[in-house]
Amino acid sequence: LSDLLTAFERDTPATVSKFSYDIAPPYQHIEHELFKLKSSIKKGNKNRLEMILSRQFNLRQEFDEKNPLEPESQFNLTTKGSDINWKHFNTKGFKSELGINALQQVNTSTGSLLIPNYKSNDAGIYVIEQLDKYRYSLEGGLRFDIKHTSVFMWQNNKITNPQHYYNNFSSNLGARYSFSE
């Protein structure tokens, strides 16, 4: 407590340093780019076809005190996606949606490899049916996804390339009731 009282009674701080907003190493430099194109075509009041194309790029550089001008590690992640959806609205309370999507990710790293270099391809197809009547709504859906990942890394002084394949069926079923109109 006496140190605190002494600090309050002092005219100038015990240690004086030059203030700056400059960030000294270690620090990160991050860039993010996003491009997205969305288009739709309406056919009457009951049908709509939507398409979405996208590309995203992320750059992350880690700088250290040893060499503040060159990044110690760098990650480049590029993601490309596409979605196509068809929506149909029926006059008897039914709504239908059918869609496919694809996604590709590529990561390249230099320096310390916290995240390995990899390429990943995903694809999916789905269908959703919904019925709205009076105060209730019923919905059900099915989806199938596949994924292939290829990893590139150094092991025992050579590049290895393990491959991983995944696929999955999923479904959902739901109901909703509105107690008031």
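Three aromatic pairs turn up in the structure, where rings of Phe, Tyr and Trp (its six-membered ring) pair if their centres lie within 6.5 Å, and planes under 30 degrees apart count as stacked, over 60 as edge-to-face and the rest as tilted. One of them, Phe144 with Phe169, is tilted, at 4.6 Å centre to centre and 45° between the planes. Since Phe144 sits in strand β6 (residues 136-155) and Phe169 in strand β8 (residues 163-177), this pair ties together parts 25 residues apart in sequence; strands here are DSSP runs of E, at least two residues, numbered from the N terminus. Tyr177 and Phe179 make an edge-to-face pair, because their ring centres are 5.1 Å apart and their planes stand at 80°.

The model is a predicted one, so local features need pLDDT of at least 70 and side-chain atom pairs pLDDT 80 or more, while totals for chains, interfaces and linings use all residues. Numbering starts from 1 along each chain as its sequence is written, and side-chain values use heavy atoms, with hydrogens and water left out.

Now to Gln61, in strand β2 (residues 47-63). Gln61 is buried at 14% relative accessibility (buried is under 20% relative accessible area, exposed over 50%, partly exposed in between; 1.4 Å probe, protein chains only). Its side chain makes a polar contact with that of Gln74 at 2.8 Å, that is, a pair of N or O atoms within 3.5 Å, one able to donate a hydrogen and the other to accept it.

Gln74 also meets Thr110 of strand β4 (residues 94-111), with contact meaning heavy atoms within 4.5 Å. Thr110 is partly exposed, at 48%.

Notes
Helices (H or I, at least four residues) and strands (E, at least two) are DSSP runs, numbered from the N terminus.
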